[in-house]
Amino acid sequence: MSGSAARTATADVVCLGESMVTFLPSQPGRLADVPSFGRGIGGAESNVACALAAAGHRAKWVGRVGADGFGDHLVDAIAGYGVDTSAVRRDPDRPTGVYFRTATDRATDAHEVAYYRAGSAASAMSPHNVPYDDLLNTRVLHLSGITAALSADCLALLHDLTAPRDGRPLVSFDVNHRPGLWREGEAGPEVLLALARRSDLVFVGEDEAEEAWGVHGTEAIRAALPEPDVLVVKRGSDGVTVFSRSGGGDTVTTVPSLRVDVVAAVGAGDAFAAGFLSATLRDLPVRDRARHGHLMAAAVLTVPGDLTGPPPRAYADRLAALDDEAWGTLRLGPGWTVADGANEEVRVT
């Protein structure tokens, strides 16, 4: 677990990033036509923290929110999942970010997102105003490329946190390439590549690697990112390929995706990262880390929102331990996380 042995960690995972109040549509359609919205929470890093806390880990979220009602709601809601929010700072001058989205799949042209995050409290995070003791006193520090895109100060913070230092925790980095967040003239792809190369564990989608860096295929992605000890390449319905350094070379592990009856295709990437990190904290084999990622993602895919409770650990362990044939024929539907093997939506076909 990297260089964290030099200190006694007070958290298993610390997640740094912006969380926003999310307004979810009451019905499908264009934002212009949706009559009302329900309030939720959203943010890649806080999603990971919530999932890890719900899975029984000591998870802390570090961020900044406004001294406003939306900030109150975010802190209370995230803490409600069992996340330690004691290191969250309130900004008296900047608001909490919010966004609205449509109900359609993010991968479709019909999907709309309207962000109101420019000048948000989180965009003011910098190396000078975040609690470094909280960020470094952990087994794993989880970051994402979204934070790097928020402001020059946020980028400076991520650059500093990924720098080599004595006793640095294992740095987990989800590339999360979001072209629309980068300001005109900024070299977002190059910035993300540099941050990923300074990290210990990296999550990246095969499609986003091609879009950002023009590289295609798992081997080419590994060639572009040779430094991380563990590189997780997400390949959509084809599963994931994990490169893990052992000795003088890589061990390559490919784990197929599960068949899932999808309710809403949102939040799966954050949930996968949480499942993989959870199994990493438990020192499980690489195959099982990826399988726990798939299982955590399946939990989110079978509910309407971005967050849900994970399956009980013992149940997830049993599913992750299935032989390859049984894993390949497993199918998960709504309600499977509370089934513990009895629900008809958990089936081998």
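## Helix α10 on the sheet

Helix α10, formed by residues 286–301, lies across β13 and β14 and runs at about 40° to β14. The model described here is predicted.

## The sheet

Strands β13 and β14 belong to an open sheet of eight strands with mixed pairing. The strand order is β4-β1-β9-β10-β11-β12-β13-β14. At the edges are β4 (59–62) and β14 (249–255), each of which pairs on one side only. On average, and with direction ignored, neighbouring strands of the sheet are turned by 20° against each other.

Strands of a sheet pair through backbone hydrogen bonds, in either a parallel or an antiparallel way. The pairing of β12 (residues 230–234) with β13 (residues 240–246) is antiparallel and covers five bridges. In β13, Val242 is the residue that stands opposite Val232.

## Helix α1 on the sheet

Helix α1 spans residues 44–54. This helix lies across β4, β1 (11–16) and β9 (138–144), and its direction is at about 160° to β4.

## Helix α1 against helix α9

Helix α1 also meets helix α9 (residues 268–281): their axes come within 8 Å and cross at roughly 45°. The two helices are therefore oblique to each other. The crossing of α1 past α9 is right-handed.

On the α1 side, the contact is made by Ala44, Asn47, Val48, Ala51 and Leu52. From α9 come Asp270, Ala273, Ala274, Leu277 and Ser278. Sorted by class, the contact has seven nonpolar residues, two polar ones and one charged.

Definitions and conventions. Residues numbered from 1 in each chain as written. Predicted model: local features only at pLDDT ≥ 70, side-chain atom pairs only at ≥ 80, totals over all residues. Heavy atoms only, no water. Axes fitted to C-alpha atoms, helices over the stretch in contact; angles between N-to-C directions. Helix = DSSP H or I, 4+ residues; strand = E, 2+ residues; numbered from the N terminus. Parallel < 35°, antiparallel > 145°, perpendicular 65-115°, else oblique. Left-handed = near helix turned anticlockwise from the far one by under 90°. Contact = heavy atoms within 4.5 Å. Nonpolar A, V, L, I, M, F, W, Y, C, P; charged D, E, K, R; others polar. Pairing = 2+ DSSP bridges.
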